[in-house]
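My entries follow in the order in which I made them.

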Amino acid sequence: MNYNHKKIEKKWQKYWVENKTFATKENKNNKKFYALDMFPYPSGQGLHVGHPEGYTATDILSRMKRAQGYNVLHPMGWDAFGLPAEQYAIDTENDPAEFTNQNIETFRKQINSLGFSYDWDLEVNTTDPAYYKWTQWIFTKLYEKGLAYEAEVPVNWVPALGTVIANEEVMADGTSERGGHPVVRKPMRQWMLKITAYAERLLEDLELVDWPESIKEMQRNWIGKSVGSNVHFKIKGSDKKFSVFTTRPDTLFGATYAVLAPEMTLVQEIVSAEQKAAVDAYIAKTALKSDLARTDLAKEKTGIFTGAYAINPVNSKEIPIWIADYVLASYGTGAIMAVPAHDTRDFEFAKQFGLEIIPVLEGGDVTKEAYTGDGIHINSDFLNGLDKEEAINQMNTWLEENKVGEKKISYRLRDWLFSRQRYWGEPIPIIHWEDGTTATVPEAELPLRLPKTLDIHPTGTGESPLANIADWIEVIDPATGKKGRRETNTMPQWAGSSWYYLRYIDPQNKQALADPEKLKHWLPVDIYIGGAEHAVLHLLYARFWHKFLYDIGVVSTKEPFQKLFNQGMILGTSYRNQRGALIATDKVEKQGSSFFSVETGEKLEQAPAKMSKSLKNVVNPDDVIEKFGADTLRLYEMFMGPLDASIVWSDDGLEGSRKFLDRVWRLIVDDNGQMRKTIVKENDGKLDKVYNEMVKKVTEDFEQLHFNTAISQLMIFVNAANKTNNLYYNYIAGFVQLLAPITPHLAEELWEILGNKGGISYVPWPKYEKLALVENEIEVVFQVNGKVRAKVKVANNLPKEELKKIALANEDLAKLIDGKTMQKIIVIPNKLVNIVVSN
């Protein structure tokens, strides 16, 4: 008889809710464990089968830690502001708040159907005014410390969305991450957060956390620390000048031209009359490109001569000043000195436009390609004959002595563009007064609530739809009568997700972001599981805010997330034609073992691909739960392979997981739904070793997130148990406890059938006996002259003399050594006996 998953899962989910089984405990004598999932954006599509993978992993750990006596914090919430909800609301004329709340209800219902042990009393929603009050509070503190400021900056403007997006939200093809719309560059007044003030600490403190090295490296590259020099160039016939940051000041004698970013204001101040029309046209063309498109190494090199010349400070040589789109005003100083002999991009540019190439390092043939290796300096006056390090030091000394440069540390990281010209976001708590001053909304008046309106269409003017609500935007200072206007831009979606893990700790607190003692108890997060796609955006922003809150005394840890783990992606099955195009599954037919296009008849190959509605390969977890049960889905996703691997979904694998759970049920439960009579209180010792191996390996594998191999060990135990006549009750109970974190509904039911009351969640975790893991017998190899002649089971740790006697008494060996001279006998306990003989 198989188990009834629908009845059992409904029963235990009801029990957990009624008994508040997973309410967070804060026993000061217990260790703590904070397991965090990257909270979802509640889209209209609901959960897909990729969501439960990471959630199941943290749930397994949380359930084990509770049984091990830890205080466990395992919360869930909603990252609910954002463009998709607003875009849907515009398209359907709906209120994004109502639409979002409906989606949250769907998500919560789906999550609960999977049996996750979340403490729902800790639930947060970034769109709740009680929550975003503290998002606004953090902003006001940043403003007070000079870390939030307004600036006129070149931004990534998305006309189709009517809003600005951050550099991190622009895709490699120059389109927006949300919607794939074209992005153009234009100057606009924006709120910025000074994340650059934390660049060095964000870099250094990566050493404090247990994160995948690949994620650390992505953050290091994004921060982009460079140690070099600032070199100052005067402009011929003008009092203007510009600075260049370079990591190779020693190559200054090879600088034969300079390049400015087209958007730099200096360009219009120095351009010659003859070149102005061409320069203006080039600037306009560049404005239509994203930063990523401009800096693509593979693209064709373009540029325009300004008609102006700079003076190379080291040799007073005049060098032409160009503008080119690959130089960005937002990176470095917005200007570069070009050394084409020793930089590939500069070389290609120089070749294309016929500019001078002067080698200053010995090596290579710069008539053919740039030499980018190191070498002795040549053509460099006082640097000739020096190596790289000596030349850099000497050039830096010269630059500083002549007041034309100085040592400098530069970062690729830019300040965080924090404004969005959208309605559905946190209002920025700033008032612009008529006298030109700005002030934060008083703390007592927070939250500054988002006003209700259905007119949420983008204005296209650089202001959000809030600008259309006169009775909200216009304010008067009651103390002075001074008139003012509220800030109309809203915060980006990243704002609410930059600190949500803190609010989980104390979500009902009305006086503070969270109680200081609770923050001290629970931080840092012990394990954070989510996708690698958040490596730069969310994770960097959250670290920045956490460090700021550390500086103002709100939190007591330098880092928010001690351990980070990135789960892999669950892929769907799709089909690819000979041209590499993916074909939707409803356009495919199977003939024998082959697949063909319904429309063209051509043969197709199966190919894994990201699940998508267009490919018709999305697997809905609701359907899986209905047919196989939540425990089967949980078990299957953990057994598919390593948690960090991307693996293709398989219905066959799902069925195999269900069959295993049915075997577990039949091992313990008879046809009448009672505990089998073969489960007894006496231990015959036959399962001692396999049981204790299981406890040891499953516990260790859970800790290491090796859930697939832990499940394999559970299966080994079930196989062994099915081969014995009697099953020791304590071992079966221990097995059910180990199974419980993976398949909690089934385990709770089995635990009850075994005669237990009160649920399984807080029953102390099983321990293993080390002595039971020791083999009583060991296989030893018997050799003659190094060749294996026999393999024999002997008692473990048998003395050398005993091993020697057994070997000499072995009939097979006796025949081989009979009549021969025995030279020596080599004995290695528990491994081998080698008898060396000669004729």
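Entry 1, charged pairs. I looked up Lys14 and found that Lys14 forms a salt bridge with Glu18, with 2.7 Å between the closest N and O atoms. I take a salt bridge as a side-chain nitrogen of Lys or Arg within 4 Å of a carboxyl oxygen of Asp or Glu. Both residues lie in helix α1 (residues 5-18), four residues apart, about one turn of the helix. Helices are DSSP runs of H or I with at least four residues, strands are runs of E with at least two, and both are numbered from the N terminus. Lys14 and Glu18 are both exposed. For accessibility I use buried for under 20% relative accessible area, exposed for over 50%, and partly exposed in between, with a 1.4 Å probe and protein chains only.

Note on the source: this is a predicted model, in which local features need pLDDT of at least 70 and side-chain atom pairs count only at pLDDT 80 or more, while totals for chains, interfaces and linings use all residues. Residues are numbered from 1 along each chain as its sequence is written, and side-chain values use heavy atoms, with hydrogens and water left out.

I then looked up Glu207, whose side chain meets that of Arg220 in a salt bridge at 3.2 Å, N to O. Glu207 lies in the loop between α6 (199-204) and α7 (213-223) and Arg220 in helix α7, so the pair ties together parts 13 residues apart in sequence. Glu207 counts as exposed because its relative accessibility is 56%.

In helix α21 (residues 688-703) I found Lys696 and Glu700, four residues apart. Their side chains meet in a salt bridge at 3.1 Å, N to O. Lys696 is partly exposed at 27% relative accessible area, and Glu700 is partly exposed at 37%. The structure holds 47 salt bridges.

I looked up Thr56, which is found in helix α2 (residues 51-67). Is Thr56 buried or exposed? Thr56 counts as buried, because its relative accessibility is 0%. Thr56 touches Phe116, Arg634 and Met638, leaving aside residues up to four places away in sequence; contact means heavy atoms within 4.5 Å.

I traced an open sheet of four strands in the order β31-β30-β33-β32, with mixed pairing; two strands pair if DSSP finds at least two bridges between them. β31 (787-795) and β32 (821-828) stand at the edges with a single partner strand each, so one side of each has no neighbour in the sheet. β32 runs antiparallel to β33 (residues 832-838), and seven bridges join them. Lys824 stands opposite Val836 in β33.
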